[in-house]
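Here is a walk through one structure, part by part. Keep the sequence beside the 3D view as you read.

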Amino acid sequence: MEQYFDMLSRCPLFEGIRREELAGMLSCLGGRVVAAAKGSPVFLEGDPARCVGVLLDGKIQIVRDDYYGKRSVLTVVSPGGYFGEAFACAGLERLPVSALAVQQSTVLLLDCARMLTGCAEACAFHSRLVHNLLRCLAQKNLLLTRKIRCMAPKTTREKLLEFLADQAKQQGSPRFVIPYDRQALADYLGVERSAMSAEISKLRKEGLLESKGSWFHLLSPGLREQE
């Protein structure tokens with residue numbers, strides 16, 4: 001576990017907690033490490049909402065399946081990222097989403113109840129941890145607001161352009177790499193992959209977009225003619 005301490009020190013959830021405190025903190029919080037093979041779940045919809053997960057290596061998708069089995073990707077978690085905290089803190093008995101490994105992954109699971117409750121030893125890191133947790137929840141709320149904004153337009157083309165423009169703004173460049181493959185992007189936007197791919201092709205032909213895989217370049221109208 002110690003090989004991940006540098007990463008954990010940089011995780012927003014543990015900001016301000018010294019590296020030498022981590023071993024004692026993980027023990028106090030009932031931390032346990034689990035491995036998830038590609039395609040397997042870290043947890044499934046309906047499981048008890050008790051833990052906060054911190055991704056140590058690999059990649060995790062947080063997904064929701066509707067009544068008819070249609071899947072939506074809510075977010076993608078990269079190493080150092082965390083997930084499950086909103087549901088555990090909300091006191092839900094069961095999880096409304098699943099966390100699936102996109103590739104071989106290693107996850108640290110922490111007992112949320114222990115995070116929110118001071119222990120008998122009155123560990124100094126507890127108040128800092130609760131402060132960090134509240135800030136992380138607020139940041140996740142902002143991300144949810146961004147997703148709602150991307151899904152608000154009515155057409156696939158409008159949803160796609162809203163998402164790509166937002167990514168360009170976030171990354172400060174018209175050239176950027178998105179954190180999704182094509183299927184995951186379609187799931188994130190709540191559209192059919194074939195329809196989305198058709199719109200990407202149309203945008204290319206119209207000179208508004210260049211793309212390859214997860215790499216995109218947004219072009220201003222008429223830019224190619226000027227070049």
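Helix α7 (residues 182–189) and helix α8 (residues 193–205) have axes that come within 9 Å and cross at roughly 105°. That makes α7 roughly perpendicular to α8, a label for angles of 65 to 115 degrees. The axes are lines fitted to C-alpha atoms over the stretch in contact, and angles run from 0 to 180 degrees between N-to-C directions. Helices here are DSSP runs of H or I with at least four residues, strands are E runs of at least two, and both are numbered from the N terminus.

This is a predicted model, in which local features need pLDDT of at least 70, side-chain atom pairs count only at pLDDT 80 or more, and totals for chains, interfaces and linings use all residues. Residues are numbered from 1 along each chain as its sequence is written, and side-chain values use heavy atoms, with hydrogens and water left out.

Which residues join the two helices? From α7 come R182, Q183, L185, A186 and L189; from α8 come R193, M196, I200 and R204. Contact means heavy atoms within 4.5 Å. By class, this contact holds five nonpolar, one polar and three charged residues.

Next comes the sheet. Three strands form an open sheet in the order β7-β9-β8, with antiparallel pairing. Strands pair if DSSP finds at least two bridges between them. β7 (175–177) and β8 are the edge strands, each pairing on one side only. Neighbouring strands are turned by 15° against each other on average, direction ignored. Helix α6 (residues 156–171) lies across β7, β8 and β9 and runs at about 100° to β7.

Look at β8 (residues 209–212). L209 and S211 make up its covered face, E210 and K212 its uncovered one. In a regular strand the side chains alternate between the two faces of the sheet. β8 pairs with β9 (residues 215–218) over four bridges, in the antiparallel sense. L209 stands opposite L218 in β9. The two strands form a hairpin with two residues between them, and G213 in the turn has a positive phi of about 65°.

Now the interior. A nonpolar core is a set of buried Ala, Val, Leu, Ile, Met, Phe, Trp, Tyr and Cys residues joined through side-chain atoms within 4.5 Å; buried means under 20% relative accessible area with a 1.4 Å probe, protein chains only. The largest such core has 25 residues, and L8, L13, F14, M25, V54, L110 and M115 touch the most other members. A second, separate core of 23 residues includes L160, A184, I200 and F216.

How values were computed: Buried means under 20% relative accessible area, exposed over 50%, partly exposed in between (1.4 Å probe, protein chains only). Angles under 35 degrees count as roughly parallel, over 145 as roughly antiparallel, 65 to 115 as roughly perpendicular and the rest as oblique. Ala, Val, Leu, Ile, Met, Phe, Trp, Tyr, Cys and Pro count as nonpolar, Asp, Glu, Lys and Arg as charged, and the others, Gly among them, as polar.
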